[in-house]
Amino acid sequence: MGEAHLELARYYFYTGIQTDSGDFDRARDELAIARRTLPNDSEAIFIAARIDRRQNRWDDSLANFRKASELDPRNPEIANFRRFAYLDMRRYKEFEELITKDAASGTLQEPWTQLWLADLKLAEGDPVAAQSLLAQVPLDFSPIEKIWDIRFMAALCLRDYDAANRVIATTPAKFAYVLGGGQPPESWADGQVALARGDKQKALAVFAAARKRLGATSETKDQSYFEQVARLDAGLGRKEEAIHEAQGAVDLMPIAKDSVTGVGRVVNLALVYAWTGERDRALEQLETVATIPAGPSYGDLRFNPCWDSLRGDKRFDKIVAAAKAASR
């Protein structure tokens, strides 16, 4: 039965992204069997698209997201992943056209339209426009965690630290994990704001509290845990520990194994290097991901205070320019 092989494909895929096993080939093999009898099953095509995305087959991934969306146009999960694919691939013009089309057809309602466009403006390097769009979104509109990440990043990139703190304070407890290690007012996000303000003493206190809480509350020490710990240790000046933790996460999930998670871990390693005074190594890591899918956007590199220690270096300016040139 194709349905049984489809369930196995789903199992292997989710196991791969949740446990760092990266067993996407087995998922693909099961999916190939399933699709012999389910050639137009939107779920099968959707999973194929997500596997493609993880295996650096971005054009195939986008094509499959489109096909799955055509077969099941009212499925919000498929629609969202299709939109994320355009953002990940830096195809911003096509993304905006898609949002406009979906809004006109009624498949994308307000205030979702404003939120997606705000995310686009952040990626393009226009946090002012992003904040203007977010002002049209009611604060009690909170169906998913991504909303709070967009709100926080818009305020942070504008260096409106009071606004950033308000976002942290109003983020629902169930979505607090998007703020990084710890819990407000002692989270990774709180530490970022304190550091960006120049309040190093407060930043150290916040990072220390977040580090302690993260260690006490994490039952499973998976690699996402070590990514968070690495950032906090970098903020605390624990150079050797931070680099070891961040590099270990990269070694377990390199880009060749997962072209989404792996890229994120390289970016995390670059941040740890930047925060621990290893400028050359930070730039080396950023250079490898600044123009590829799922890498840091031009807007993030240009405006995020976390990269301030690299500003003024011509090599960093070149990386930022390359990220902008890679945007379409």
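Which residues are exposed on the other side of helix 14? The legends below treat a predicted model.

**View 1. Helix 14, residues 239-252, has a buried face and exposed residues on the other side.** The helix has 14 residues. From first C-alpha to last it reaches 20 Å, close to the 20 Å expected at 1.5 Å a residue. Its buried residues are Ala242, Ile243, Glu245, Ala246, Ala249 and Val250. Seen down the axis of helix 14, these fall within an arc of 165°, so they line one face of the helix. An α-helix has 3.6 residues a turn, so residues three or four places apart point the same way. On the other side, Glu240, His244 and Asp251 are exposed.

**View 2. Cysteine 306 sits in the loop between helix 17 (298-303) and helix 18 (314-325).** Cysteine 306 is buried, and its relative accessible area is 10%. Neighbours within four places in sequence aside, cysteine 306 is in contact with Gln192, Leu271 and Trp275. Threonine 261 is 45 residues from cysteine 306 in sequence. In space, the two are 20 Å apart, C-alpha to C-alpha.

**View 3. Arginine 151 is buried yet has no salt bridge.** Arginine 151 belongs to helix 9, residues 146-157. The nearest side chain of opposite charge is that of aspartate 140, 6.9 Å away. A salt bridge needs a side-chain nitrogen of Lys or Arg within 4 Å of a carboxyl oxygen of Asp or Glu. Apart from neighbours within four places in sequence, arginine 151 is in contact with Leu134, Val137, Pro138, Leu139, Phe141 and Val167.

Note on methods:
Residues are numbered from 1 along each chain as its sequence is written. This is a predicted model: local features need pLDDT of at least 70, side-chain atom pairs count only at pLDDT 80 or more; totals for chains, interfaces and linings use all residues. Side-chain values use heavy atoms; hydrogens and water are left out. Helices (H or I, at least four residues) and strands (E, at least two) are DSSP runs, numbered from the N terminus. The expected span of a helix is 1.5 Å times one less than its number of residues. Buried means under 20% relative accessible area, exposed over 50%, partly exposed in between (1.4 Å probe, protein chains only). The arc is that of the directions from the helix axis to the C-beta atoms. Contact means heavy atoms within 4.5 Å. Lys and Arg count as positive and Asp and Glu as negative; His and the chain ends are not counted.
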